[in-house]
Amino acid sequence: MTLTDDQNRASEEPVVTELPENVSIATEEGRKLAEQLADAAPHAKRLLEVRNLSTQFFTKDGTVHAVDDVSFELDYGETLGLVGESGCGKSVTALSLVRLVPYPPGRIVSGEIIFDGIDVMKLSNEEMRLLRGKKIGFIFQDPLTSLNPTLPIGFQIAESARIHLGVSRKAAADRAVELLSKVGIPRARERLGDYPHQFSGGMRQRVMIAIALACDPMLLLADEPTTALDVTIQAQILELIRSLSEEFGTAVILITHDLGIAAGMCHRVNVMYAGRIVETGKVDDIFEHPQMPYAWGLLGSLPRIDEERGTRLRTIEGMPPDLINPGPECRFSPRCAYVHDKCREVEPELSSRAEPGHRARCWATEPGGWLNGSQ
Amino acid sequence: MATRTATIDAAPLRTRPTSLWRDAFSRLIRNRLAIVGGIIVLTLLVLAVFGPYLAPYPYDQQNIDQLARHGNLPLGPGVEGHLLGTDALGRDLLSRLFDGARISMTVAFVVQAVVLLIGVPVGALAAWFGGRIDQYLMRITDVVYAFPDLLFIILLSVAFRETFFGQALDGLLLIFVAIGIVGWVGMARLVRGQLLSLKEQEFVEAARAIGVSDFKIVTRHLLPNAIGPMIVAVTLGIPGAILAEATLGFLGIGVQRPRASWGVLINDGSLWMRVSPHMVIFPAIAIALALLSFTFLGDGLRDALDPKLKGKQ
């Protein structure tokens with residue numbers, strides 16, 4: 001990822017106004033039109049800005065605050081990690097970004113999502129549909145169930161290009177071949193007519209990546225893309241995502257519960273806990289100077305290769321809190337080893353730490369806190 | 001920057017992998033009953049299409065002279081070149097059975113087309129939108145389901161008998177519509193049930209995530225996944241339609257003479273049952289054969305398309 005790439009990208013893409021359906025950027029006129037449109041619209045500084053996003057699920061037991069007042073931003077071409085344990089709101093955050101939270105029972109209750117200068121929450125359903133797949137690609141967790149078993153994979157890859165780029169069947173098929181080769185599937189043309197069950201799990205995830213990248217999106221949402229795969233395939237898939245995102249200048253939001261993956265892939269990391277971002281910062285800062293006991297716990301629970309054999313894995317005691325009617329306290333306080341009375345009364349805000357851009361939600365590590373400077 | 005990821009060097013994989021349909025077909029041809037059923041169904045279809053050319057006589061041609069020579073009684077099987085005999089008006093029974101096959105097969109397929117045309121959209125709409133739309137559509141379905149089928153068809157037939165609609169295609173059109181109108185309920189429920197579980201599948205969310213429209217998700221992604229059960233339901237629904245048509249024919253509603261629905265033939269024969277039982281026996285055999293063969297074929301298709309269900313339904 002280089003800065004110039006990002007700038008090019010930003011200026012090439014019409015920000016607010018869409019190109020007319022029948023105009024392709026591939027033609028000279030189309031390119032001119034696109035540039036005009038881009039000049040007319042204000043440039044977005046960031047690819048994505050999320051402000052005070054709250055998504056709730058209305059169940060019969062009460063309202064689940066799955067994502068609670070989450071704010072973050074993402075630069076063009078940047079890779080951001082969303083890490084946290086199961087049920088902390090990572091996936092719902094990603095689904096909220098493309099407004100795919102299952103409704104009912106889920107709903108985005110408040111917040112702003114500005115994607116490339118577009119206010120996502122204000123788009124009509126039809127406009128939203130045209131944004132998905134075209135500018136935001138999505139890779140799902142389980143490649144085994146995310147492909148339609150009754151359609152040939154060639155069709156499934158070409159589908160996105162057919163919808164968004166309006167290309168002919170033939171051109172879409174060529175695009176599918178190109179993408180399949182890109183994601184490392186040999187003899188791509190011969191395999192267009194094959195069905196998902198004729199591919200292994202890793203191959204299917206490659207196909208999913210090809211689908212997500214079909215329209216050359218600006219943002220790729222990867223929701224635990226390797227959880228269903230074995231470790232060797234995991235490494236290949238992650239490497240593939242990284243190299244393709246660098247090649248195309250695609251920004252990535254990588255959702256994972258595996259800190260190792262986040263460390264290897266991301267520029268910045270958001271640590272989520274119980275629907276909130278509890279720590280955010282550059283990946284090195286978070287791994288070297290974590291500022292939140294929960295992050296210490298996560299890092300401490302990683303198995304280490306230099307550890308003596310036979311030692312038990314460290315875990316974080318207790319369970320994540322119930323997200324129905326969370327109290328005013330720090331949500332990690334029941335499990336925190338360093339808890340003070342203050343934590344049980346008021347939840348801290350995300351506040352800055354020593355390194356630029358590094359922020360954490362913890363009384364103890366704030367300047368003047370009882371753990372400040374100890375880690 | 002080139003992709004550095006290792007490309008897996010796949011071994012030649014050209015032992016043409018079996019598709020779902022090929023797989024199902026190979027299971028189907030191992031099922032002997034289904035094959036017998038299939039052959040009879042094919043025979044009936046051939047008769048339906050080419051019957052008039054294969055039949056020894058026109059179905060409505062009366063052989064009065066022959067009748068007179070036999071004391072004005074229906075000719076028995078094998079008499080004077082009539083393989084299955086004639087009816088009381090001297091019409092060749094075999095030729096009339098062929099015409100009956102034509103009517104039965106037309107009813108079988110057109111009624112199922114009506115059933116699909118109504119049932120699939122209703123079921124799909126109910127499943128996809130859920131909520132209130134689902135409620136309304138399913139209550140309508142329940143109401144139609146609660147209709148006494150035959151009574152409704154008879155009422156419809158009687159009400160429209162004198163109109164153009166009732167006369168069209170020798171009264172067949174009315175029969176198609178009437179049987180179809182009471183028959184789509186099962187298909188709607190089946191499609192709804194299938195789609196309700198299918199729409200929770202992740203590939204639907206994946207399709208949404210690339211911006212596929214709702215209509216295309218239903219038609220291209222969901223319905224093809226339900227095609228197996230739908231084929232089975234159609235095949236197993238055909239005997240019901242044939243039987244309904246025969247019943248109506250027997251009651252004198254629907255297909256009008258001189259057309260020779262199997263039900264009409266049995267009705268004709270019932271008057272002569274003591275003297276010339278062949279007039280009842282042969283149409284009855286034809287009906288039974290048709291029903292059994294469609295049922296066997298349907299069972300075979302079910303086992304072939306969904307092996308998990310084998311012996312459960």
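**View 1. Strands 7 and 8 of chain A side by side.** Strand 7 (residues 219-223) of chain A runs parallel to strand 8 (residues 251-256) of chain A, with five bridges between them. Strands here are DSSP runs (E, at least two residues), as helices are (H or I, at least four), numbered from the N terminus, and two strands pair if DSSP finds at least two bridges between them. Look for L221(A), which sits opposite I253(A) of strand 8. This is a predicted model, where local features need pLDDT of at least 70, side-chain atom pairs count only at pLDDT 80 or more, and totals for chains, interfaces and linings use all residues. Residues are numbered from 1 along each chain as its sequence is written, with chains lettered from A and ligands numbered from 1 in the order in which they are written.

**View 2. The open sheet of chain A.** Eight strands line up in the order 6-7-8-3-9-10-12-11, with mixed pairing. Strand 6 (136-139) and strand 11 (351-352) of chain A are at the edges with a single partner strand each, so one side of each has no neighbour in the sheet.

**View 3. Helix 3 of chain A.** All eight of the eight residues of helix 3 (residues 90-97) are buried, so the helix is largely enclosed by the rest of the structure. Buried means 20 or more other C-beta atoms within 10 Å of a residue's own, with C-beta atoms placed from the backbone. Among these buried residues are K90(A), V92(A) and L95(A). After the helix comes R99(A), with a positive phi near 55 degrees.

**View 4. Where chain B meets chain A.** The contact (C-beta atoms, placed from the backbone, within 7 Å) takes 25 residues from chain B and 33 residues from chain A. Helix 9 (residues 202-209) of chain B gives the largest share of chain B's side, six residues.

Conventions: Two residues are in contact if their C-beta atoms, placed from the backbone, lie within 7 Å. A residue is buried if 20 or more other C-beta atoms lie within 10 Å of its own, exposed if 12 or fewer, and partly exposed in between; C-beta atoms are placed from the backbone.
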